[in-house]
Structures are given as structure tokens and as C-alpha cells.
Amino acid sequence: MKKGQKKPAAATEKGASRLDDATVAAIVTGTHPDPFAVLGLQGEGRLTARAFIDGAEEVEAFTLAGKSAGTLERRHPAGFFEGPLRIRKRQPLKYRARNAGGEWWVIDPYSFGPVLGPMDDYYIGEGSHLRLFDKLGAHPIHHEGAEGVHFAVWAPNARRVSVVGPFNAWDGRRHVMRLRQDTGIWEIFLPEVAVGAPYKYEIVGRDGVRLPLKADPFARASEFRPATASVVAPWLDHDWGDAAHREFWAAADARRQPVSIYEVHAGSWARHDDGRFLSWDELGERLIPYVVDMGFTHIEFLPVAEHPYDPSWGYQTTGLFAPSARFGPPEGFARFVDGAHRAGIGIILDWVPAHFPTDAHGLGRFDGTALYEHADPRQGFHPDWNTLIYNFGRREVVSFLVNNALYWSEKFHIDGLRVDAVASMLYLDYSRKEGEWIPNRFGGRENLEAVEFLQAANRAVYASHPGTMMIAEESTSWPKVSAPVHEGGLGFGFKWNMGFMHDTLQYMARDPIHRRYHHNDLTFGLLYAFSENFVLPLSHDEVVHGKGSLIAKMSGDPWQKFANLRAYYAFMWGYPGKKLIFMGQEFAQGREWSEARGLDWEQTGIPAHKGVQDLMRDLNRLYRDTPALHARDCEGEGFEWLLADESRTSVYAWIRKAPEAPPVAVIANFTPVPHQGYRVPLPAAGRWREILNTDAAPYGGSGMGNLGGVLAAEDPQGIAAPVNLPPLATLWLEFDPAS
């Protein structure tokens, strides 16, 4: 360069180069692979603005503060504009657009920087991000001087992803998102989108084919079915008053606490007269007081996450992060949980990480590839339910599910997750014939990736929320389901005892005259009762699909059916393990359950049904208030047989005990033959108070009993008491230390 010659201005000082016509055409047709590279503010020094504003004929650019920055040239009749600005500082812009119909303002989303940062990329990339629910999905935020909504979605194999909704006339050309190459996540900040706006993602696959519009996997709210769009939800802003409840359970050993669970389908516990669902607030006003009055400690809801099909009961979920719109906004569910906690009731949710439905707006082939599921149907398709199986070998999928478990605990303070269909996750050959499944890397049938996922989920939940209970619905002999991960277990806190449910209901269905030949149906379970931390379930699965109600399963004439059911409930509540019963069975609803109607509450006015309901209330009260009945539910030291081999009379007796607590004898007579002075061995001489008798007249029984108690004394065979055993009845006798 010669002395005195001026240094030429850099090309960028003149603004960005004028776009060629082909690029402009790609923008307005929605085929450009990266609109963020060409739209918004471009260049250095003297900046150029480019905008696609559908239908505009004139556009003037302004700063957000209202300073005019320049008029843009219309480059394409569809509404593409470009031009230099009179500003040099990068900042968000807004445009005043005009056409023959009038004038409107648009804030340019392409003039804003990204919201996600490099640390998000790092943790997302290694699968260790435990707050994805605050990063992905749709979140109202204040960003670079503007209010709006940040959208982010994982679709690594897509050619293009756009967020669409009424705010852009569902036009996928207008808000194409920015791809973060390292993670496969697409994001965009859209100013002025309002809370409550419905939206979906328009995704173009790598083959250029536009997919059906997809709901947001991380959506925190959804439209009311049959509509399927996601909804922009506000940040959950609830003034929680449940600190005492949460602190208690965080410090407690749940194995040694009374846990009596009332299983509820929120859509059919009760309905309005016109068939409408109760809202969460209405359920709070009716369900919580009822559960408190009945003495249950927890409510377990069938899945409350969004699902498109009522008869799936929520087990085919399309919106894992969204409480179903059937019952009102998410804030209503938070109020319900808080109200339950303030009343001393815990909330457990059924959680379904085992499979997901094939609905077009859901997760199936989300970005045009088998993203959340396995591509091979031998690994990725459930023949039983016609659903898809999550790919537990993909860290992003595992992270999605683990974050969902954490989300319900953190945002809604739920007390536990009951994980559905665990057996189907653990076995690669579950419900498959030879040749229909792919062995693991060692040639076995165990799904090693699913095992690692379950362990990861349990570790994460217990580490972050120690008061939470993780419960497995697992029906096989897989070892150590409820053992800690560091001991080689799956890491659950509890496991459903499906064998107890099957064996005992099978026994109760038999005519009493035949029960002597099947005595071990009720004794066999004690061989494994302490191999896991068990919940004894009488669940919804036992009262649907032609199985009838629990009262209908009992043998005998109407009086005997009710007597059998009362005796069975007291047998179960005295048996080691936590308790669970499905709604309606606590008052012996006669009809089989249907999700399409409310429970038959009018039956509680019938004496026989009211007697069962009153008994259940007393069972829960005694179970909760008597340490011997709950404090060693999961430990062998809390149980001892008294009579295990009385098959001739179908009588069973055992002791429940706990340190520094009076023991309780549970005695059941499963024949209609009463016994006077039946010899029952007992561990201590003295008075044993009759604290429960299912044959008591107020429950609908014959009124036979022991006048308040029995006296145990030494005889040639040891310590025993003569006990009057009513027909088809269970007694509880508590030792009186003062005697």
C-alpha cells in the first residue's frame, strides 16, 4: 500500500451481500436449510436486515426502543424484504409492515441470539442434563429485551423444523428453527407469542418429506382431546404449603411406615350429572376429604399425563410432561397435590416408560426416523398393545425419560411413581415367539439397556427427591427389583406382589367346601413375602375386561359373598406388605369398573355395601395406628405363623409384631362353619383384646365374637387361647401388656 493511500473498507462495512434470487426463493418456499444464516441482522459494521413477512408490501425496520433503522426493499411478492440499516449495533428488531389491508407490527425472531448455551450442549451431549424440562419444550421468557416463548425440540435427523400455530397461521415457512449441530436440538425464540397458544412442530425429514405435525415431547400442557396440539403453558407458580409433609417422608423409611393406597382413575371416580369430568379443584373438594375419612395414606392415580384415547386409561401417553387437559390446567393439579399433602395424603402416579402409542402426532418416527423407538420391530414394537418401545440404548431417550420422572417430583411434588409394565421392559422376548426377538450382546433374553435405564431413573429420583417412592409393577421372579442399585438391584423402593393377588383371589373364588384342598394358595406367598419390599395390590386390572368386581369374584350366596370379601380384606390388611385397593372396591361396588362412568356411589346407602365401607375405614385406622401391623411389613422378623396347616378347617393364624409394640394375632376362618373355643396358640399368656371382627353386626355380619377378647394361658401344648371363630370371618387380637 502506498503512503497516504486510504485503507479500503472491509466488505462487511458495506453490509451483507445482496441475496441471490435462488436463496430468496428458498426462504419463501421454506426449503432453505438454515434461515438463521440469512435472515435477521447480517453483516458487520453497517448491518443488513432481511425478513420474510407473509403478505406485506412495505416494511420499515425499528429497534425495540422504537428508533427507525431503515426501510427495506421488497425482493419477492410473497413478502421477502432486504435492505441496509442505519444502525451498527446488533440488537433485536421490529418491523412495521403494511399492505392494502392495513398496518401491523412484527418483532423479528431471527434478530435474537440463541437461548441455549454451550453448557447445555455439553450436558445434553453426554446425557447427564437433569433439567431438560426447563430447557426443551415451550417456555415463556424475557430474552434480549422482549417477552416471548422459547421453543426447543430434539430432531437430529430432520432437514427442517418449524414451530407452527395460530400465531403464524400454521405456516411452517415462517418460523423455521435454528439447529444446534452438536446436539440435534432445534430452537427459536418467538416474541409476543402468548401463554395458552396451541402449537406443533412441522418437521421435514432428511428425505425432504414433510411429516404429520408433531406435538411437543416436552409440552407442559395440551389441548383437550380430540384436539392434539401442545399448548404454551405458564411457568408453574404455586405457593406450596406442604413442607411438613415432604420433610416427614424425606426423613422416613417408607418400608416401616403405614402405606395404604387408594388407586384412582381420575376420570371415573365421579362425574358430573351430564357426564363431564370433574376438574382437579372439584376432585380436591370431594376426593381428598373422602380419602382422609377412609383412612388411606396415599392416592395412586392411573396415568394423568396427556393421552388421546379414554379407554387406554392413560397408559398410551402422548404428552409425558402435560397433566391431561381433561381435568383443567396444570395449576389445578398442583393445587390438588398441595391440598392432599396438607391433609396428610401422599400422591403416587402411574408412569409409563415401557411403551408409547403410534398416533401420528406423537413420538413415532418423530423426525422421519426411528428416533425414540427401535427401527427393528422385533425390538421396537409391542405386539400386545400395538405400541412402540423406547430405545433404551439411546442416551437422549434415557435422558428424556429420566427427566420426566424428575419433573413430576420437582414441579408437582408427587410422592411416588408406580412404573407400569416393568416385566415387558426387562425381557427381550416378552410376549414373543422364537425368532420374533433379538438376543442381547451375550445371547440372553434380558434387556440390558432397559435394566440400566431403570437403575438410572431410580438413582436420579432417590438422589434428588429422597421422599419419593419408586414402585415396580413387575410380575416375574427377576431378582432384587427393590434392592439398591449399588447392591446389584434395579433400585426400586417397592414391588407389586402380583402372586399374592393371583393366588388369594383364586382361593376366594372357590366354594368353601373345596378350599381345604387349596390351602397352600394362602400360605405359599409367605415363602417369598420378604424377598422384596412388597405392595399387595387389588388393582384396576382385576375389575375390568369381563373379570367383574371383587364382590362378584367371591363365592357363595349374597350374604356369603359379602362375608367372604370382608374376611379377605382383613386377611390382606393383616398380611405383611403395603396395601393397595382400586376405587369402588372399598364399598364392594357390584358392577365391573368402566372408565366411561362414575362409580356407583348410591350403593353406599345399602347396608351390606356400607358395612364393607365401614370395615375398610376401620382396617385403615387400625393398620395406621398399630405399629405391629405396619412397622415390619417388609421384614421377616415382623411375622410368625401360629396356624399354617389347618387345611381341614381352612383356618389361618399368624402374629404381626414390631419392636416395643404389642403383637397382633390375625386369625381367619374361610368356611361358613363357626367354631366355638377353637384352640389358637399365642406367644404370650394374658388378655388379647379383639380389636377387629369382620363378622360384627355393624359390618353386616352375624355378630358372633369373643365379648371383647380372649385369655391365653399355659396348656400341655404351650400357650394358647380358646377363640370363637365366626363363619367366613377374620379376627384381629392385640395383646394387652397390662394383663
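These questions and answers look at aromatic rings in a predicted model.

Residues are numbered from 1 along each chain as its sequence is written, and side-chain values use heavy atoms, without hydrogens and water. In this predicted model, local features need pLDDT of at least 70, side-chain atom pairs count only at pLDDT 80 or more, and totals for chains, interfaces and linings use all residues.

User: How many aromatic pairs does the structure hold?

Analyst: Rings of Phe, Tyr and Trp (its six-membered ring) pair if their centres lie within 6.5 Å. Planes under 30 degrees apart count as stacked, over 60 as edge-to-face and the rest as tilted. The number of aromatic pairs in the structure is 59.

User: What kind of pair do Phe-571 and Tyr-575 form?

Analyst: Their centres are 5.8 Å apart. The angle between their planes is 40 degrees, and the pair is tilted.

User: Why is the pair of Phe-571 and Tyr-652 edge-to-face?

Analyst: The ring centres of Phe-571 and Tyr-652 lie 6.3 Å apart. Their planes meet at 75 degrees, so the pair is edge-to-face.

User: Is Tyr-652 buried or exposed?

Analyst: Buried means under 20% relative accessible area, exposed over 50%, partly exposed in between (1.4 Å probe, protein chains only). Tyr-652 has a relative accessibility of 0%, so Tyr-652 counts as buried.

User: Which residue has its charged end over the ring of Phe-36?

Analyst: A charge sits over a ring if NZ of Lys or CZ of Arg is within 6 Å of the ring centre and within 35 degrees of the ring normal. Here the charged end is 3.8 Å from the centre of the Phe-36 ring, and the residue is Arg-178.
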